[in-house]
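Okay, quick one from me today.

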Amino acid sequence: MRLYLVQHAQAVSEDMDPQRPLTEQGWRDAKKVAAFVKHLGLSVDYLWDSGKTRAAQTAEVLARVVEVTRPTSAREGLSPKDNVAAIRDEIEAAQRDVMLVGHMPFVSKLAALMLTGDESADTVAFKQAGIVCLERGDNNRWQLVWMVTPDILAERRG
């Protein structure tokens, strides 16, 4: 079982637009990461986003390259300060592969809770538009499998 945690791509400030859509750089970064993961042939049962514009737009880019077996959907409980234990319990009970597009500090706390049992452990240095892949092994313990961020990827031409 795999869990892909994604911090939404760069968004405009709330002063510029209260809906906080992605910036041009945010769109570029999301597309760059999507182009990279396209070659991995990722498949998930669920692709969830928080419903906030910046997360929904990031999820939209990823949905073009990730096979999603169930409808992509906005989910309650994925906002920056929501309770991560509730989502952890739901993910573990479902025993399905999930890609979740959310916000800081939520994704960081969820990763820490999965990896260490302590949401305050600060285990992963998330980057906007980056993807962190966690996997639950046969021993029911979660491990970090890989991570990709826009800043480590070269721009693709043509």
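Start with arginine 88 and aspartate 89, whose side chains form a salt bridge, 2.9 Å from N to O. By salt bridge I mean a side-chain nitrogen of Lys or Arg within 4 Å of a carboxyl oxygen of Asp or Glu. Keep in mind that this is a predicted model, where local features need pLDDT of at least 70, side-chain atom pairs count only at pLDDT 80 or more, and totals for chains, interfaces and linings use all residues. Residues are numbered from 1 along each chain as its sequence is written, and side-chain values use heavy atoms, with hydrogens and water left out.

Back to that pair: arginine 88 is partly exposed at 21% relative accessible area, and aspartate 89 is partly exposed too, at 40%. The cut-offs are under 20% for buried, over 50% for exposed, and partly exposed in between, with a 1.4 Å probe and protein chains only.

How many salt bridges does that rule give? Four.

Another one joins glutamate 60 to arginine 64, at 2.8 Å, N to O. Here glutamate 60 comes out partly exposed, at 40%, while arginine 64 is exposed, at 55%.

Then there's glutamate 135 with arginine 2, a salt bridge at 2.9 Å, N to O. That one links distant parts of the chain: glutamate 135 sits in strand β7 (residues 131-136), arginine 2 in strand β1 (residues 2-7), and they are 133 residues apart. Strands here are DSSP runs of E, at least two residues, numbered from the N terminus. Glutamate 135 is partly exposed at 31%, and arginine 2 is partly exposed at 22%.

Note on methods: Helix = DSSP H or I, 4+ residues; strand = E, 2+ residues; numbered from the N terminus.
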